[in-house]
Amino acid sequence: MFTGIVEDTGTVRERTETDDGLRLRIGVDGFDDLHHGQSISVSGVCLTVEEYGVDAGAGGDDWFDVFLASETVAKTYLGDVREGDAVNVERAMPADGRFDGHVVQGHVDTVAEVTGIERVGEDWRFTFAIPEGHGDYLVDKGSVTIDGISLTVAEKRGDEFDVAIIPTTYDLTTLSEKSVGDPVHLEVDVIAKYVENMLDGYA
């Protein structure tokens, strides 16, 4: 489980396509506690660390490898990332850790699209299209995860919703590199799914 509080951005160092999916090597800084089999969120997608090390030939940067099965490639946009692209990275929350965001599973529901970016004073307002079938899981002031970032729905209207981005989030995540038309990973609040499941059949 994750909290949606992105720890840092990593850089795609290598991508290797295989018959079964895609392997990515991601450069990070200071993640010295990673190990084989550990869960890690890469732009909101829960993946498993295969290898971890330090590449002396790249200035001593830390790195880790993850494998994306064909289904993950098909349901996310990670299959389109290229070497040099930035990704949001968060390690799984420890049992005794502080819970600052909201419950994030790393199970991407769908890919949404950035439809608007506006500077509002020191903050930013991002607008995203609501993919078909996901509108019922988004409510004003409710939690939502965008590219692994725990955010709050500022306003929902029709087939779009807005989130307010503070300077820290803008600077420390990949949102600063997004443009209108770019894809983002959307994970709705899992609590909404549980409520829907419990109420199913009572209507």
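**View 1. The side chain of Q38 reaches the backbone nitrogen of H35 at 3.0 Å.** This is a polar contact, a term for a pair of N or O atoms within 3.5 Å; within protein, one must be able to donate a hydrogen and the other to accept it, and residues adjacent in sequence count only if both atoms are side-chain atoms. The model shown here is predicted, so local features need pLDDT of at least 70 and side-chain atom pairs count only at pLDDT 80 or more, while totals for chains, interfaces and linings use all residues. Residues are numbered from 1 along each chain as its sequence is written, and side-chain values use heavy atoms, with hydrogens and water left out. Q38 is found in the loop between β2 (21–28) and β3 (39–42); strands (E, at least two residues) and helices (H or I, at least four) are DSSP runs, numbered from the N terminus. With a relative accessibility of 13%, Q38 counts as buried; buried means under 20% relative accessible area, exposed over 50%, and partly exposed in between (1.4 Å probe, protein chains only). Leaving aside neighbours within four places in sequence, Q38 is in contact with D33, L47, T48, V49 and R91, where contact means heavy atoms within 4.5 Å.

**View 2. R91 and D33 meet through their side chains in a salt bridge (2.7 Å, N to O).** The term covers a side-chain nitrogen of Lys or Arg within 4 Å of a carboxyl oxygen of Asp or Glu. This pair links distant parts of the chain, with R91 in strand β6 (residues 86–91) and D33 in the loop between β2 and β3, 58 residues apart. R91 is buried at 18% relative accessible area, whereas D33 is partly exposed at 41%. The charged end of R91 also sits over the ring of F31, 4.0 Å from its centre; for this, NZ of Lys or CZ of Arg must be within 6 Å of the ring centre and within 35 degrees of the ring normal.

**View 3. R125, E155, R157, E160 and D162 are linked in a network of salt bridges.** Follow R157 here: its side chain meets that of E160 at 3.8 Å, N to O, and it forms a salt bridge with D162, where the closest N and O atoms are 2.7 Å apart. R157 counts as partly exposed at 33% relative accessibility, and E160 is partly exposed at 23%. D162, in contrast, is buried, with a relative accessible area of 3%. The structure holds 12 salt bridges.

**View 4. Ring pairs link W124, F126, F128, F161 and Y170 into a cluster.** Rings of Phe, Tyr and Trp (its six-membered ring) pair if their centres lie within 6.5 Å; planes under 30 degrees apart count as stacked, over 60 as edge-to-face and the rest as tilted. By this rule there are four aromatic pairs. W124 and Y170 are stacked, at 4.2 Å centre to centre with 5 degrees between the planes. That pair links W124 in strand β8 (residues 123–129) with Y170 in helix α2 (residues 167–172), 46 residues apart. F126 and Y170 form a tilted pair, 6.5 Å centre to centre and 50 degrees between the planes. F126 lies in strand β8 and Y170 in helix α2, so this pair ties together parts 44 residues apart in sequence. Both W124 and Y170 are buried, and F126 is buried too.
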